Amino acid sequence: MSSVLLRAQNIARSYAVHRSPWAKSSIIQAVSDVTLSVGRAETLGIVGESGSGKSTTGRLLLGLEPVTGGSVAFDDKPLPTIGSSDWKRLRTRMQMIYQDPLAALDRRLPISIQMREPLEIHRIGSPREREARVGDLLRAVGLSEEVARRYPHELSGGQRQRAVLARALTTKPDLLICDEPVSALDVSIQAQVVNLLSDLQRELGLSIIFISHDLRVVRQISHRIAVMYLGRIVEEGDADDLFAHPSHPYTRALVSAAPVPGKKLAGRIMLKGEPPSPANRPTGCAFHPRCAFAIDRCRSEMPPLADVGPSRKAACHLAGALPAASDASSKAVGGSIGSPVSLSEQIS
Ligand SMILES: Nc1ncnc2c1ncn2[C@@H]1O[C@H](COP(=O)(O)OP(=O)(O)O)[C@@H](O)[C@H]1O
Ligand SMILES: [Mg+2]
């Protein structure tokens, strides 16, 4: 059994978009050449600004939509065709958690009833075993039997997301893909749900792909982190290493906006402007129009994702030649992304 559970090799996804009925359609490259893997019992964080291709990547990894290039393998086997019986079987081992728990739940049914549904659909266990499993999972996510008898609209946002999580776990999945699972929750509740996910990951040996625009949240839970910019991974590696020595100027800017509690940040890189549209991708390195370090080569030549250390890769022509992160403020450009407080500080 390989230690890798899910592997994506050079996956891509493009969409044809029609701006108006008479205009020619243009192609949006939402995801390009993304290679990543998640190990058993490992949490991989995917972070980047809105529109960077995180959700599309999540859907491709789960096989919810087909890739337009590359391939995905789960447990060393290519993902079966969407909708096939093999795919449906596999889906019990891979579950998705979305931002909006209310949309994921059936409003007409109490929580405990809809938690049994996946077990009934897939004919897992006897009625008594299903009942016991639902009870165990409710306890595991910190919901009482009394709460489980209620309808989704009678629960708080945090309780709903716990219920969604409990339901996703009924089929004993190996992998959870969580797409902005806490972004709609109050900050104090965010920390609780992230901690719960972390505990479940450890106790159940789950693999998790945790997608968020918020590096602070991603950092709390991830063993490894992939940073996406305009559909590509620009930096990837061990979470602690990536935070301590971010190589790509974009990662540095994200890290600057998410300081580690108790550690003084010597230099901050501010991100200016919005990311460009994937329909209008800048030449060379797509980050160059926002990068304070860009040289001519960055405007013309796309940097490959290359090793910058034993556990990390970055796609930057200047990785290794940039000033140390703490000196970077001398190169910072205008605009401010504020000074967010860490999750752990917010709940203490
Ligand atoms: N079904 C679709 N049709 C057309 N464009 C899409 C579709 N899904 C996503 N996109 C575009 O692909 C890009 C990446 O989107 P998405 O994966 O949702 O990013 P993120 O989750 O990082 O915010 C965006 O520019 C988005 O508008
Ligand atoms: Mg998204």
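Colleague: Why are helix 7 and helix 8 called roughly parallel?

Modeller: In this predicted model, helix 7 (residues 157–169) and helix 8 (residues 187–204) pack at an angle of about 15°, their axes lying 10 Å apart. Axes are lines fitted to C-alpha atoms, for helices over the stretch in contact, and angles run from 0 to 180 degrees between N-to-C directions. Angles under 35 degrees count as roughly parallel, over 145 as roughly antiparallel, 65 to 115 as roughly perpendicular and the rest as oblique. Helix 7 is therefore roughly parallel to helix 8. Helices (H or I, at least four residues) and strands (E, at least two) are DSSP runs, numbered from the N terminus. The model is predicted, and local features need pLDDT of at least 70, side-chain atom pairs count only at pLDDT 80 or more, and totals for chains, interfaces and linings use all residues. Residues are numbered from 1 along each chain as its sequence is written, while chains are lettered from A and ligands numbered from 1 in the order in which they are written.

Colleague: Which residues of helix 7 and helix 8 meet?

Modeller: Gly157, Gly158, Gln161 and Arg162 in helix 7 meet Ile189, Gln192, Val193 and Leu196 in helix 8; contact requires C-beta atoms, placed from the backbone, within 7 Å. The residues of this contact divide into 3 nonpolar, 4 polar and 1 charged. Ala, Val, Leu, Ile, Met, Phe, Trp, Tyr, Cys and Pro count as nonpolar, Asp, Glu, Lys and Arg as charged, and the others, Gly among them, as polar.

Colleague: How do you know that strand 1 and strand 2 pair?

Modeller: Two strands pair if DSSP finds at least two bridges between them. Strand 1 (residues 4–17) and strand 2 (residues 26–39) are joined by 10 bridges and run antiparallel; Tyr15 has Ile28 in strand 2 as its bridge partner. Strand 1 also pairs in the antiparallel sense with strand 4 (residues 69–74), over 5 bridges, and Arg7 stands opposite Ala73 there.

Colleague: What makes strand 2 and strand 5 the edge strands?

Modeller: The open sheet of 4 strands has the order 2-1-4-5, with antiparallel pairing. Strand 2 and strand 5 (77–78) each pair on one side only. Strand 5 is joined to strand 4 by 2 bridges, and Pro78 is the bridge partner of Ala73.

Colleague: Which residues come nearest to ligand 1?

Modeller: Of the 13 residues around ligand 1, Tyr15, Ala30, Lys54, Ser55 and Thr56 come nearest; a residue is near if its C-beta atom, placed from the backbone, lies within 6 Å. Helix 1 (54–62) is among the elements that each supply at least two residues of the shell, and its 3 residues are the largest share.

Key:
Contact = placed C-beta atoms within 7 Å.
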